[in-house]
Amino acid sequence: MNTPWWQRWPWRPRGGSLQRLLLVGLLVPLWALVALVATVQVVQQVRHNAAAQDAVLHRALTTWPTVLQPQAGASAMEQAPAVWFRESSLDGERLAGSADLPRVPPSEAVQGQGSVHFYLAQVGDQLVRVAATLHQPAVAGGGQGAAPPVVRQVARPFSERLPSVARLMDEGAGLRPVVLLALAMTAVAMVLARIASGWLLHADVSLTPPTQPGAGGTGQGYEGPSELAPAVQHFGELQQSQSRWIEEQRRFLADATHQLRTPMAVLRTQLQSAIAGDVLVADALQQMLHTVDRASGLANQLLSLSKVEQLQRMGELPSVDLNAMAREAVMELAPLIAAKRLDFALEGPDTLWAPGDAALLGELMRNLLANAIHHTPVHGRLGVLLRNSTGRRELLVWDEGPGIDDAVRQRLFQPFSAGQGGVGLGLSICRQIAEAMGAQVMLFNRMDAGQVIGVDAVVAWHE
């Protein structure tokens with residue numbers, strides 16, 4: 001598929017003011033076009049003035065002396081007389097006219113009688129345009145012979161060839177309407193840029209966190225252009241999601257602090273009792289060991305939650321073999337299974353791949369298996385079932401526990417909400433790990449003939 005050339009090197013502004021960007025993007029090309037039109041007009045006017053000045057000089061030579069009679073319809077330059085004129089002999093001696101106008105220099109020698117030669121010269125501190133020609137004067141009194149030829153020169157200021165601003169802005173030159181139109185478009189562009197800035201400011205105001213509970217903040221009060229409405233809505237939703245996440249983290253830290261404080265207080269009490277001799281040292285040490293294990297388990301689960309946050313920032317996850325992860329978790333918890341003399345089964349394909357992190361996926365399986373072992377009666381059965389169906393991969397941990405009340409099922413996935421014993425983080429961690437891997441974890445009562453015969457914990461990946 002061929003990519004259009006304008007998309008191969010996309011340009012994206014790196015910062016600065018949007019209002020300034022709009023003004024520069026609109027006004028620079030506009031006034032560049034005005035400058036181009038003005039340049040064309042200046043060139044045309046210079047060429048017109050140059051042709052008119054040369055025509056005046058040529059006419060002045062042919063109608064010597066240089067005082068011309070005005071002609072109807074002629075321009076001011078064509079009606080004006082030559083400013084300087086001079087008549088000289090062939091050797092440069094001035095015979096008549098202005099002494100300020102220098103003789104024809106050798107490099108500009110006039111060749112041929114009746115032909116007109118144009119060149120530039122300096123009269124004082126002024127640059128002038130000079131026209132020169134050879135003239136054969138008539139013999140006075142009708143005498144015999146021929147009078148020697150003379151050189152005639154007429155000159156006008158070179159500055160007459162340059163157009164004036166008034167002339168360029170004349171309606172006939174066409175520059176005035178161009179400038180007026182450009183000024184009008186500049187004013188419109190400035191107004192539009194101001195309106196666009198106002199729209200963005202309104203979008204920013206609509207995203208401002210509301211001061212009253214339940215107020216907007218999701219772009220519901222936005223009244224700007226429709227193109228910005230989805231972005232405002234999206235940012236509002238992100239803002240609300242972030243606010244909810246911060247509130248959850250704050251609540252979680254408060255609960256975690258409370259839960260950690262409790263075993264520490266219990267441990268202090270147990271130490272005081274042992275020191276005071278209220279209990280036997282062996283009994284006190286056993287109680288303290290149980291309290292330390294409980295605090296250590298809570299700390300490990302809090303660390304697991306921090307790993308879940310790192311997993312969520314990883315983006316694309318590698319593939320992990322669910323069968324291998326399940327075998328490792330079963331081997332680790334085998335002593336607990338053996339202690340209750342449980343009948344265990346691992347069923348499913350030899351390999352089943354799913355996106356995830358090996359360490360956290362092992363934590364998820366250990367938590368689900370530990371819950372199943374805890375709730376399965378002695379000599380009962382439990383197992384792990386792996387299933388691969390179209391568009392769905394599942395890891396199912398089943399047991400023969402007493403079941404879960406519907407009112408309790410959803411609460412079990414909330415932090416510090418334990419069913420019977422424990423610290424209430426296991427299932428919450430399982431849910432967060434599953435969501436970080438793009439999966440879902442659910443609990444179901446397994447029914448048979450209307451009776452609950454166990455619990456199924458299902459972790460499902462949807463393709």
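Start with strand 5, residues 150-157. Eight of its eight residues are buried, so the strand is largely enclosed by the rest of the structure. Keep in mind that this is a predicted model.

Val150, Arg152, Val154 and Arg156 point one way. Val151, Gln153, Ala155 and Pro157 point the other way. Both sets are buried. In a regular strand, side chains alternate between the two faces of the sheet.

Now turn to the partners of strand 5. Strand 1, residues 84-88, pairs with strand 5 in the antiparallel sense, over five bridges. Strand 4, residues 126-135, also runs antiparallel to strand 5, and eight bridges join the two.

Next, the nonpolar interior. In soluble globular proteins, nonpolar side chains tend to be buried together. Here the largest nonpolar core has 39 residues. Leu322, Leu395, Val459 and Trp461 have the most contacts inside this core. Several elements each supply at least two of its residues: helix 8 (322-332), helix 10 (358-375), strand 9 (381-389), strand 10 (392-398), helix 12 (426-436), strand 11 (439-448) and strand 12 (451-462). Helix 10 gives the largest share, eight residues.

Ala155 leads back to strand 5, where it is one of the buried residues.

Move to the surface. Leu18, Leu21, Leu22, Leu26 and Leu200 form a nonpolar patch there. Together they have about 370 Å² of accessible area. Helix 2, residues 18-62, gives the most to the patch, with four residues. Leu21 is found in helix 2. Its relative accessibility is 36%, so Leu21 counts as partly exposed.

Finally, step back to the whole protein. It has 12 helices and 12 strands. Of its 463 residues, 34% are buried. The accessible surface comes to about 28,100 Å², and 58% of that belongs to carbon and sulfur atoms. Among contacts with a separation of 6 or more, 61% are between residues 24 or more positions apart.

Terms used. Residues numbered from 1 in each chain as written. Predicted model: local features only at pLDDT ≥ 70, side-chain atom pairs only at ≥ 80, totals over all residues. Heavy atoms only, no water. Core = buried A, V, L, I, M, F, W, Y, C linked by side-chain atoms within 4.5 Å. Buried < 20%, exposed > 50% of the residue type's maximum accessible area, 1.4 Å probe, protein only. Patch = residues over 30% accessible without salt bridge, like charges linked within 9 Å, V, L, I, M, F, W, Y side chains within 5 Å. Areas by Shrake-Rupley, 256 points an atom, 1.4 Å probe, with all protein chains shown as cover. Salt bridge = Lys/Arg side-chain N within 4 Å of Asp/Glu carboxyl O. Contact = heavy atoms within 4.5 Å. Pairing = 2+ DSSP bridges.
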